[in-house]
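Hello,

Here is the structure I said I would pass on. Please open it first, then read my notes below.

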Amino acid sequence: MGETRTVRPASRLRGTVSVPGDKSVTHRALMLGALGAGDSRIERFLDAADTRATLGCLRALGATIEEVAGAAPGEGVLLVRGRGRAGLGEPADVLDCENSGTTIRLLSGLLCGLPGLAVLSGDASLRQRPMDRVVRPLRALDADVTASAGGTRAPIVVRGGPVAGGRRIETGVASAQVKSALLLAALEADGPTTVIEPQATRDHTERMLAARGVGIARTPRAGGAVEVTLSPPPGDLEAVDVRVPGDVSAAAFWLVAAALHPDAELTLRGVGVNETRTGILDVLGGMGAAIERLEEREVGGEPIADLHVESSELRGMRVDGELALRAIDELPLVALAGALAGGETVIADAAELRVKESDRIAETARLLRSFGAEVEERPDGLRIAGGAGLRGACVDAGGDHRLAMVAAVAGLLASGETVVEGAGAVAVSYPRFWSELERLQGVPGAGLEAP
């Protein structure tokens, strides 16, 4: 992750990009495939550090997962030879979740109903991230789950055993990871389980469980809350093939770059447009970005589309509430857009950003100030004064993959040269980011242009 990259301003932006497979879907496809009875194929899986962590943990639990040779970059195929819950057993060593919060939290739930003891840990960054949000509700299912620092930090210890059914569990935080951990644990419960989240979060887990024969019901409640009720299946999950949609979070970097650049036109192929994930499209649309959805279709239960984006005149806006939640991973990019838009942009109700791979509120403010933007840090978000011209800077991504890519996009739009330290962090979610940018450099001095 100590790699350094230099980015120069782009003279124009042109091209077609196939973004990597969705990280959230890849994690879940691996886990549910390992629980399934029979073989399942995962096409276009995201081959990145976070998903490799899940792959390694599942293999350590006894899952047989093979990589099919000969696929083009970004089109890889995994074959999961599922043997049902009986195919997973007690690991011989600590499960290394590396830097992946999705891996450690979802596996904590999956392991609750399986026999044996498992210890889940990760790198220094992961061991500082909050785990009480998943430990506490899992205990409410009578699961035997403990964690370090009074149940608040990894390592997490799970002793598999009976899981109580008939419970109604409030997550306390709007987190798809927490909800998914509870649903995975509830697969082994002795009756239905209802998970109540204060705001609706991404629903990939529910869609993928339903496709595998699990009874799932989603019921909206007042104030944006949602109840999800799972009825445990009588046997193992069905084996289902998955074609992973393009990750809208990865597409967002190119969307923002093109919308902000004065001479841009890009098309992004096969992007997932699940409405629980498209907050960034709604935000950019509200700011005036010219983004068009083309060839809308559905693959494996997930809606996808090609996205066409052109240079736009953006205006600042307020992003809060449910919209901030649906765009949570892309909010640092929203802040960058706000710095170059006309008028003020305010991001609120986003305190969750402080417990990501870094404190993304503080680090986004630091990064944008390096480029000359006027940014006010607030407890739950940011205020960005628009209309600033950015100047090239030397910035450190601080080990955060998304901030490394935000810095690169800022460098494309700034005057002068930008140096991004810690550029290798992109391997967590978008390993081909730098090579994609280089591939698209067709004219000397252009930061992004298709050949």
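Predicted model: local features only at pLDDT ≥ 70, side-chain atom pairs only at ≥ 80, totals over all residues.

**Notes on the open sheet and beyond**

In strand 9, the residue paired with Leu120 is Ile156.

**The four-stranded sheet**

Strand 7 (residues 117–121) and strand 9 run antiparallel, joined by four bridges. Both belong to an open sheet of four strands, in the order 6-7-9-8. The pairing in this sheet is mixed. Which strands stand at the edges? They are strand 6 and strand 8 (144–147). Each has a single partner strand, so one side of each lacks a neighbour in the sheet.

Strand 9 covers residues 153–159 and includes Pro155. Look at the peptide bond from Ala154 to Pro155: it is cis, with omega near 10°.

**Two positive phi values**

Glu98 is not a glycine, yet its phi is positive, about 55°. Find Glu98 in the loop between strand 6 (95–96) and helix 3 (101–110). Its relative accessible area is 34%, so Glu98 is partly exposed.

Glu295 also has a positive phi, near 50°, and is a residue other than glycine. Glu295 sits in strand 17 (residues 290–299). Is Glu295 buried or exposed? Its relative accessibility is 60%, so Glu295 counts as exposed.

Strand 24 spans residues 418–421, and its side chains alternate. Thr418 and Val420 point to one face and are buried.

Strand 24 pairs with strand 1 (residues 4–7) in the antiparallel sense, over four bridges. Here Thr6 stands opposite Val419. Strand 24 also runs parallel to strand 23 (residues 394–396), with three bridges joining them. In that pairing, Val395 has Val420 as its bridge partner.

**Helices**

How do helix 11 and helix 13 pack? Helix 11 (residues 331–340) meets helix 13 (residues 401–413) at an angle of about 20°, and their axes are 10 Å apart. The two helices are therefore roughly parallel to each other. Their crossing is right-handed. From helix 11, the contact takes in Pro332, Leu333, Leu336 and Leu340. From helix 13, Leu403, Val406, Val409, Ala410 and Leu413 take part. By class, that contact has nine nonpolar residues, no polar ones and no charged ones.

Next, helix 6 (residues 176–186). This helix is mostly covered, with 11 of its 11 residues buried. The buried residues include Gln177, Lys179 and Ser180, as well as Leu182, Leu183 and Leu184.

Last, Glu436. Glu436 is in helix 14 (residues 433–439). Its relative accessibility is 5%, so Glu436 counts as buried. What does Glu436 touch, leaving out residues up to four places away in sequence? The answer is Val17, Ser18, Trp254 and Tyr430.

**Where to look first**

Start with the cis bond from Ala154 to Pro155. Finish at Glu436, buried at 5% relative accessibility.

Best wishes

Note on methods: Residues numbered from 1 in each chain as written. Heavy atoms only, no water. Buried < 20%, exposed > 50% of the residue type's maximum accessible area, 1.4 Å probe, protein only. Contact = heavy atoms within 4.5 Å. Axes fitted to C-alpha atoms, helices over the stretch in contact; angles between N-to-C directions. Parallel < 35°, antiparallel > 145°, perpendicular 65-115°, else oblique. Left-handed = near helix turned anticlockwise from the far one by under 90°. Nonpolar A, V, L, I, M, F, W, Y, C, P; charged D, E, K, R; others polar. Pairing = 2+ DSSP bridges.
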